[in-house]
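Biologist: I have the sequence and the model open. Please show me how to read one feature at a time.

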Amino acid sequence: MAALDYREAPPTMRFSATIHALEQAADLNRIENLNIDRVPDPTGLVRALVTPEDCVRLVNQGFEVRLQQAHPVQPLNPELIESDESFKNWFDERMQSVRGFKARKGSKGR
Amino acid sequence: MYRTVAQLDSAMNFLSSFFPALCTRVEMPNRSVQGRRIFALHMHAGSATGRRKVFIVGGLHARELMNPDAIIDLQLDLALAYLNGTGITLGGRSWSATDIKVMLESLDIWMLPCANPDGREYVMTVDDMWRQNRRDNPGMCEGVDVNRNCDFVWGVTTGTTSCDPCMETYLGPGRFSEPESRNIRDLCDMQNIDVFLDVHSFTELVLFPWGHTHTQTTDPTQRFTSLATGTCAPLNPPGHQEYMLPRDQLRFTTVAQTIVNDIRAVRGRNYTPQTSRALYATTGTTSDYVYSRHIANPGLRKTYAFAFETGPPVLNPNGTINVPESFHPADPTLVKRDAKAGMISLMQQSICAIEFIGATFLGLTTGLDSMRKVRDERLATTAAGAEMVALFERVQFPLLGMILVDESLTKEAMGLLDTCVKLLENEETVLTEREVERGLAFVDALVSRAESKELLTDLELVRKQLEGSADKSVRKVLDDLLSTPTRTLTKKKKPTKKPRRKS
């Protein structure tokens, strides 16, 4: 089956989901061969990040998709990104521990 | 907190500017799809020759944000520890100043922390769950999964390798079509890498080949080289199970288990060692490609290739997995610490004490082949022999540290290694009592310096093997190693009292 796509528009939402075969024995091989953005699952479930289009495709293929968490397409929370100033402070602080570092730094005219 | 691409580059730039004798920032041969320059840091100290080469890669999958940061942190940890003559402590696991010195003076370490800078930038500015690079697929969707783009069973689809350009696991229009994956191939070509690591997230795994099928060690006719590739169809034949030399499987499992032990010592996290296939089937990955190179082209050096999946799955209050938070937790400090311990553990295990002493002090280039042959073609073939190989791999790093800081021990190690090489030239040669006594004296000297219980136990096993070797031919000694499990030796003899160290 051709992929259902975001060829016309990129997805705006993804879901963390687990995917299950309805007829377990018959679908064990098929479920291993899905085109999905699979993420590890320590309990051995087939877990993936899926778009709404993925969900439709998977359901049409006879799978059950259990959505667990919606995640809108968005940039990383800016609070998680190191500022240049804090990066510089971190680096300088680590450098302070190097014996003779200041002298070397000075000699380079930094 | 996660660093920007520019900050990651700056850190390496500073390190190479401030400490040029230890760190060199190197631009990779290929710019990213969007034209960004990509940098690695080459770390090494001292002037020893015959070094093993380790190559660590992070950030191939853009959303796995903590690994590039962990690699940068590790670069600083190593540089500062070496320059200050201190060790590195990560929670409950410590490496001494000597350990760090030995690593940097006996290895060439290449670290490419952010292999996919376009992707990282996109995660920070547009889509925090973006996985791929930023390839603009003509008229279609964007992105190629760089870790499906390598020339290893490329074009064979699995549940997590797709020929559809709109899928997150799109393998690209051709083998190594992407500059980000070509950089890995090119560095392996240029540097003859011995050990490779690709750091991913998450689930706390230490992975090793194979990833496309389950691994077997009994049927050498089942090789990937005979599989049809580029088909955009599943693996054919479907029941194919990839062969691996028993020696390689032993090496992978031994090294992975030690990495797991070292990570556990930090704060008790239990990483699992397993083949990549045990996670799920993949093709075109970096680690399978890098390990497969010497099989596809026997003229190339064998590279032992690993992958980490760092960090635990983070759970929501209702018990389900919070995937975004698992890929980039609000505070990755502890996960990064575990990852660094795993990376140092791998570096440590990349050192071959015999090869280092042989090449650096004795100038041996071909003389060690006979020893490798014994290890790979004889010892690795029986359970008892494999135990001895594993024992040697456990003890070699701490022993090398002891030997290199003591001139008399270094000299004696050189002499014994020279003797071993000569003995292996003719397996009918009989070991003299004097040669055995010399070996025992060396073991005693090491015992007198050893601190850990495990090391003392292992040295005791070596001593026991050596004790019965006088007046036996080399062949007989090897046969004994192949047939006597080290466990039996343990039961036979009480540990000897630790000799008093000479003042």
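Biologist: Start with one helix, H2(A). What covers its buried residues?

Modeller: Three strands of chain A are included in that cover: S1 (13-21), S3 (46-50) and S4 (63-72). Helices (H or I, at least four residues) and strands (E, at least two) are DSSP runs, numbered from the N terminus. A residue is buried if 20 or more other C-beta atoms lie within 10 Å of its own, exposed if 12 or fewer, and partly exposed in between, with C-beta atoms placed from the backbone. Covering is a matter of contact: two C-beta atoms, placed in that way, within 7 Å.

Biologist: Is this an experimental or a predicted structure, and how are parts labelled?

Modeller: This is a predicted model: local features need pLDDT of at least 70, side-chain atom pairs need 80 or more, and totals for chains, interfaces and linings use all residues. Residues count from 1 along each chain as its sequence is written, while chains are lettered from A and ligands numbered from 1 in the order in which they are written.

Biologist: Back to the helix. Which residues of H2(A) are buried?

Modeller: First, the general idea. An α-helix has 3.6 residues a turn, so residues three or four places apart point the same way. Now the case here. Helix H2 (residues 52-60) of chain A buries A:Asp54, A:Arg57 and A:Leu58. Down the axis of H2(A), these residues fall within an arc of 95 degrees, so they line one face of the helix. That arc is taken from the directions between the helix axis and the C-beta atoms.

Biologist: Which exposed residues sit on the face of H2(A) turned away from the buried side?

Modeller: A:Val59 and A:Asn60. Look past the helix too. A:Gly62 follows H2(A), and its phi is positive, near 95 degrees.

Biologist: How do I read a sheet? In what order do the eight strands of the open sheet in chain B run?

Modeller: Strands of a sheet pair through backbone hydrogen bonds, either parallel or antiparallel. We call two strands paired if DSSP finds at least two bridges between them. In chain B the order is S1-S2-S6-S3-S7-S12-S8-S11, with mixed pairing. The edges are S1 (23-27) and S11 (272-275) of chain B, each with a single partner strand, so one side of each is left without a neighbour in the sheet. S2 (residues 39-43) and S6 (residues 107-112) of chain B are antiparallel over three bridges. There, B:Met43 stands opposite B:Ile109 in S6(B).

Biologist: Last, the interface. How many residues does each chain bring to the contact?

Modeller: Chain B brings 47 residues and chain A brings 37. On the chain B side, helices H1 (5-18), H2 (66-84), H4 (117-125) and H8 (323-327) each supply at least two residues.
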